[in-house]
Amino acid sequence: MTDNAAYVPPKVWKWEKPNGGQFANINRPIAGPTHDKELPVGRHPLQLYSLATPNGVKVTVMLEELLALGRSGAEYDAWPIRINQGDQFGSGFVAVNPNSKIPALLDRSGPKPIRVFESGAILLYLAEKFGAFLPTDTATRAECFSWLFWQMGSAPYLGGGFGHFYAYAPTKIEYAIDRFAMEVKRQLDVLDRRLAEAEYLAGADYTIADIAVWPWYGGLAKGRAYGAGEFLQVQDYKNVQRWTDAIEARPAVQRGRKVNATWGNPADQLHERHDASDFELRTQDKIGEGA
Ligand SMILES: N[C@@H](CCC(=O)N[C@@H](CS)C(=O)NCC(=O)O)C(=O)O
C-alpha cells in the first residue's frame, strides 16, 4: 500500500500483502480451499456452518422462529466458522460454499445432501421447505421478495462501503466516508418510509424480508454497527426504531442472535448449538472458555 494521496493505479494490479486494512490476513484475490479440513456433522438433518455476524444471524433467527412455530424438522446443529482464523477456506467448507463466506447450510434430510449458500437463498430455501414466513398471495409475496433482495443488494454498501471506510480502513478517507454515509442514510430513509405505511416490510406480517433486513439495519439503528449511531443520527428513523424494537422482543430472535456468537457477553455466546436446551446449559458463562 502507498501513503501517497495522489495514488495512480499501475497498468496491472498486483497482490501486495499485507495491505494494512483490518481483515488483511484473510483477504485474497483467489478462490478455492487453502487447506484440507472436513466439516463436523451432528445428529440433525440440518447442518449450519456459520458465525453470529448479521448474515449469519439471519439464518439462526429463521431456524429458531421455525422451531418456535412447531416445525420440528428445522432442528439443527450449528457449528462456528471462525472467519478471522481462515476456517472458510477449509476444503469441507468450500465444498458447501464455493464463495468461502458464512452462512452455509447442508440439508441432509434427503437421500443426497443439498448445499445452500448465500443467506438470502438459505432463508428462501427454509421458508419454502417449511411453508412459513413467506406470504402465499402473489402481491405480498412479491413485496417480500423485493425487500429480501433489496437487503442483499443494499447491505454491501452499508458493510463493505460505509462500515469498511468508517471503522476499518487504515486511513479515514473523507470522500469514501461521505459517499457511503450518504447512501446509508438514504437506505435508512427508504426503510423508514416503508415502515411508516406497513407494520412489517412485506405488509402486516413478519416474513423472511424482516429476518434478512433486521440484523443489518436494526443493528445499525440501535448503534451496534461500527459505533456509528451518533454519526448517522439513527434515532431519527422512528419507524425503523419501532420495527427494530418489535423484532428484538421476539424470543426466537433473542435465541438466534446467540448462536455461533464467539464474542460479547459470555451469557449471550452459544458457540455451538445442537439442542434447544443448549441455550440454558451451554452458553459460555456456563461452560467457560475452551470447553
Ligand atoms: N452475500 C453473502 C455475504 C456473506 C458474507 O459476507 N459473510 C462474511 C461474514 S458476514 C464472511 O464470511 N466473510 C469471510 C470472508 O470474506 O473471508 C450472504 O449474504 O450470505
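**Notebook: helices and ligand site**

I started with helix H8, residues 238-248, where Val240, Gln241, Trp243, Thr244, Ile247 and Glu248 are buried. I kept in mind that this is a predicted model. Next I looked up what those buried residues of H8 pack against. I found helix H5 (174-197), helix H6 (208-221) and helix H9 (251-256).

Then I turned to helix H3, residues 119-130. I checked its length. At 1.5 Å a residue, the twelve residues of H3 should span 16 Å. Its end C-alpha atoms are 16 Å apart, so the two agree.

Which residues of H3 are buried? I noted Ser119, Gly120, Ile122, Leu123, Leu124, Leu126, Ala127 and Phe130. I recalled that an α-helix has 3.6 residues a turn, so residues three or four places apart point the same way. I also looked up the cover over the buried residues of H3. It includes strands E1 (46-50), E3 (104-107) and E4 (114-117). Helices H1 (54-68), H4 (138-168) and H6 are also part of that cover. Just after H3, I found Gly131 with a positive phi of about 60°.

Last, I went to the ligand. I counted 13 residues around it, the closest being Gln88, Lys101, Ile102, Glu118 and Ser119. By class, this shell has six nonpolar, five polar and two charged residues.

I then looked up the polar atoms. Lys101 has a polar side-chain atom 2.5 Å from a ligand oxygen. A polar backbone atom of Ile102 is 2.9 Å from an oxygen atom of the ligand. Glu118 places a polar side-chain atom 2.7 Å from a ligand nitrogen. On its own the ligand has 520 Å² of accessible area, and the protein covers 80% of that.

How values were computed
Residues are numbered from 1 along each chain as its sequence is written. This is a predicted model: local features need pLDDT of at least 70, side-chain atom pairs count only at pLDDT 80 or more; totals for chains, interfaces and linings use all residues. Side-chain values use heavy atoms; hydrogens and water are left out. A residue is near a molecule or strand if one of its heavy atoms lies within 4 Å of it. A polar contact is a pair of N or O atoms within 3.5 Å; within protein, one must be able to donate a hydrogen and the other to accept it, and residues adjacent in sequence count only if both atoms are side-chain atoms. Accessible areas come from the Shrake-Rupley method with a 1.4 Å probe; for residues, only the protein chains shown count as cover. Ala, Val, Leu, Ile, Met, Phe, Trp, Tyr, Cys and Pro count as nonpolar, Asp, Glu, Lys and Arg as charged, and the others, Gly among them, as polar. Buried means under 20% relative accessible area, exposed over 50%, partly exposed in between (1.4 Å probe, protein chains only). Helices (H or I, at least four residues) and strands (E, at least two) are DSSP runs, numbered from the N terminus. Contact means heavy atoms within 4.5 Å. The expected span of a helix is 1.5 Å times one less than its number of residues.
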